[in-house]
Amino acid sequence: MESLPLPTIKGLSTRTVEEKKEAAEAKAHKAAHEELRRLRGNKSENNNECADCTAKRPGWASLPHGVFICINCSQIHRGIGRHISQVKSFSSGTYTWYPDEIAAMREMGNTRANELYLSPQMNPPNKPSEDAPQHIRERYIRDKYEKQLWVAKENSKTRHSPKSSPRLQLKRAQRERKAKRELSSFKPFNDTTHLTDSTHIDNKSTSNLLDSSNTGKCAAPCLAPQTTSSCSSQLKKEKIQTQNDPTDFFANWGL
């Protein structure tokens, strides 16, 4: 099966003022709608029947898929989001069509689009009838264009995966920028300096804990629980001295 990548369509926000003026001119506007109605009459491309149901003489189109659809199916296309399908009417005369959009309809058409989205090797179901309930047609349209369940593997590059969704790309970029800001403002703790200082203090304190050469008693407050009576008596003496010290503000107030 021939690979049929979707045509590229410019967004309305990227249109220049000149493009909008040229497309809105009466002559160009009329010619665009006449061209689309002529394409709809192409029976060899099955454009005279809705691409997603059996309704005849569709008056709407879906971009960038380039399919002709009826008004009921166009409402479902509108509901699945512009990042997947953009619908326009060519029968009411109220929608402005641009040259690249008309070229996409001319390039694709219902038959070519179905060759892409309804690959025979994927065993696609028959499209719903015109009188089918809305939930039946909605499930078919979502499976066809949004989930792309029946696209051949060699054409899977055109799938609307989460990575290719513009909205998800924007959210992912925002999360990455936020992570970079948090990382740049993070100041790591200097563990090496802390360990060096603490080791120095511990060594100094440990060296003064016992003066075994003279008295064999604690020469400084114990850093760990001791069982000797000499250590306990030393702590009691220091506590009494601290409480009786008039310069110790916190001890005098019981703190």
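Tutor: What follows is a short chat about salt bridges.

Tutor: One note before we start: this is a predicted model, where local features need pLDDT of at least 70, side-chain atom pairs count only at pLDDT 80 or more, and totals for chains, interfaces and linings use all residues. Residues are numbered from 1 along each chain as its sequence is written, and side-chain values use heavy atoms, with hydrogens and water left out.

Student: Okay, how many salt bridges does the structure hold?
Tutor: Eleven, counting a side-chain nitrogen of Lys or Arg within 4 Å of a carboxyl oxygen of Asp or Glu.

Student: Which residue does K88 meet in a salt bridge?
Tutor: Its partner is E101, at 2.7 Å from N to O. K88 sits in strand 3 (residues 86-89) and E101 in helix 4 (residues 99-107), so this pair, 13 residues apart, links distant parts of the chain. Helices (H or I, at least four residues) and strands (E, at least two) are DSSP runs, numbered from the N terminus.

Student: Is K88 buried or exposed?
Tutor: Buried, at 8% relative accessibility. E101 is buried too, at 2%. Buried means under 20% relative accessible area, exposed over 50%, and partly exposed in between (1.4 Å probe, protein chains only).

Student: Which residues are linked with K88 in a network?
Tutor: R15, D100 and E101 join K88 in a network of salt bridges.

Student: New topic: what does R142 pair with?
Tutor: R142 forms a salt bridge with E138, with the closest N and O atoms 3.2 Å apart. They are four residues apart in helix 6 (residues 134-146), so about one helical turn separates them.
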